[in-house]
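Colleague: I would like a close look at a single part of this model, the surroundings of its ligand. Please take me through it in one connected account.

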Amino acid sequence: MKILVTGGAGFIGANFVHTLLDEHEDVDVTVLDKFTYAGNRGSLTDVPEDQVSRLTIVEGDVADRDLVDDLVGETDAIVHFAAESHNDNSLNDPFPFVQTNLVGTCTLLEAARRHATRFHHISTDEVYGDLELDDPAKFTPETPYNPSSPYSSSKAGSDLMVRAWVRSFGVEATISNCSNNYGPYQHIEKFIPRMITNRLRGVRPRLYGDGLNVRDWIHVRDHNTAVWEILMNGRIGETYLIGADGETNNREVVAVLNELMGYPADDFDHVTDRPGHDLRYAIDNTKLREELGWEPHFTDFRSGLADTIEWYTNHEAWWAPLKEQVEAKYAAEGH
Ligand code: NAD
Ligand code: DAU
């Protein structure tokens, strides 16, 4: 089987590529990645020698129609991770989000239509907006879309296009909306790796606002086992929500991280809040569990975080070249 993985040099995509090569010997992988600031060649150069012949890396844009058409024509399935993915960036400049997340997804859908290629669209729980902190409700596949940021609204638009291409053109597509991922190869602009690498540089963690915002943390490998299950056995046209019952507020995340790294739990600073900052995300994963029999394996957040701290500690060469620029950008935003 030949799988085209868009955004395969990014955080979740690179982890997916490693899992495919490690665990599915009958799969050949082509990565299509533009290598934006978020794509990292170092996330794919550590592929073992005996797997290299099954991996092709193409540098290019998902909005490049000719390139996409050629690649899709040679593939059995597309798993579409490529996106502009960071909320803070989308508040500063939404245009790359519209271009990649909407035009890029449209380009891929059109190629999937022409070549009758199976398409799995990776999306986010942020399309549903947010929940109150004291609300027992969780997001379900029936929750109405209500995105808050330019990022999440562009992802919502891309989801709706996928649904339209299924209905109007019979494209064989599925969608998954996942909660916040953590684990190896995550860009250090994101919360957990930023806090870990700050600590490794002697800087106190920085919480936006009061730090009580809740995210539903899932280990990236659990996200990817769910994606594989949906790609293989999901029903065409369906949306599956992926989450592992990991609701934790930002203060609690930093407290665990501090303890694991040898600091007092409350050793952090408060900084300017994110405009429009979503309060709480929470996933009801019943459909995924009951229909596809998926179960998460990394259910102990403390031990998953300990492994992640160890990864960043041992892979300074992977993130150190990015650190100064990322922090300069945050300093300009008051974060
Ligand atoms: P990331 O920013 O780490 O990686 C994105 C990758 O896409 C990078 O390698 C980048 O170079 C590539 N890319 C960007 N624009 C491109 C273009 N025009 N053409 C080709 N490649 C391009 O993102 P991530 O955190 O790995 O997220 C991957 C996907 O998962 C996204 O669609 C995101 O919306 C979704 N998602 C992320 C999370 C999370 O917690 N990180 C949770 C749910 C869903
Ligand atoms: O829910 C899924 C989404 O999770 C994905 O769709 C996005 O691609 C991914 O980036 C993530 O979005 P968030 O905005 O939730 O992630 P981020 O890592 O930016 O922030 C997580 C929380 O931590 C959020 O409440 C903001 C807060 N934060 C973040 C940073 C970078 C801080 O308090 N301090 C920080 O320095």
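How many nonpolar, polar and charged residues does the shell around ligand 1 have?

Modeller: The model is a predicted one, and in it the shell around ligand 1 has 12 nonpolar, 12 polar and 4 charged residues. Of the 28 residues around the ligand, those that come nearest are Ile12, Asp33, Ser85, Tyr151 and Lys155. Turning to the secondary structure, at least two residues of this shell are supplied by each of α1, which spans 11-23, β5, which spans 118-124, and α5, which spans 150-169; it is strand β5 that gives the most, with 3 residues.

The polar contacts can be taken one by one. Tyr151, already named among the residues that come nearest, places a polar side-chain atom 2.6 Å from an oxygen atom of ligand 1. Thr100 also approaches through its side chain, a polar atom of which lies 3.0 Å from a nitrogen atom of the ligand. With Phe35 the backbone is involved, for one of its polar backbone atoms is 3.5 Å from an oxygen atom of ligand 1. As for how far the ligand is covered, ligand 1 taken alone exposes 840 Å², and the protein buries 97% of that area.

Key:
Residues are numbered from 1 along each chain as its sequence is written. Chains are lettered from A and ligands numbered from 1 in the order in which they are written. This is a predicted model: local features need pLDDT of at least 70, side-chain atom pairs count only at pLDDT 80 or more; totals for chains, interfaces and linings use all residues. Side-chain values use heavy atoms; hydrogens and water are left out. A residue is near a molecule or strand if one of its heavy atoms lies within 4 Å of it. A polar contact is a pair of N or O atoms within 3.5 Å; within protein, one must be able to donate a hydrogen and the other to accept it, and residues adjacent in sequence count only if both atoms are side-chain atoms. Accessible areas come from the Shrake-Rupley method with a 1.4 Å probe; for residues, only the protein chains shown count as cover. Helices (H or I, at least four residues) and strands (E, at least two) are DSSP runs, numbered from the N terminus. Ala, Val, Leu, Ile, Met, Phe, Trp, Tyr, Cys and Pro count as nonpolar, Asp, Glu, Lys and Arg as charged, and the others, Gly among them, as polar.
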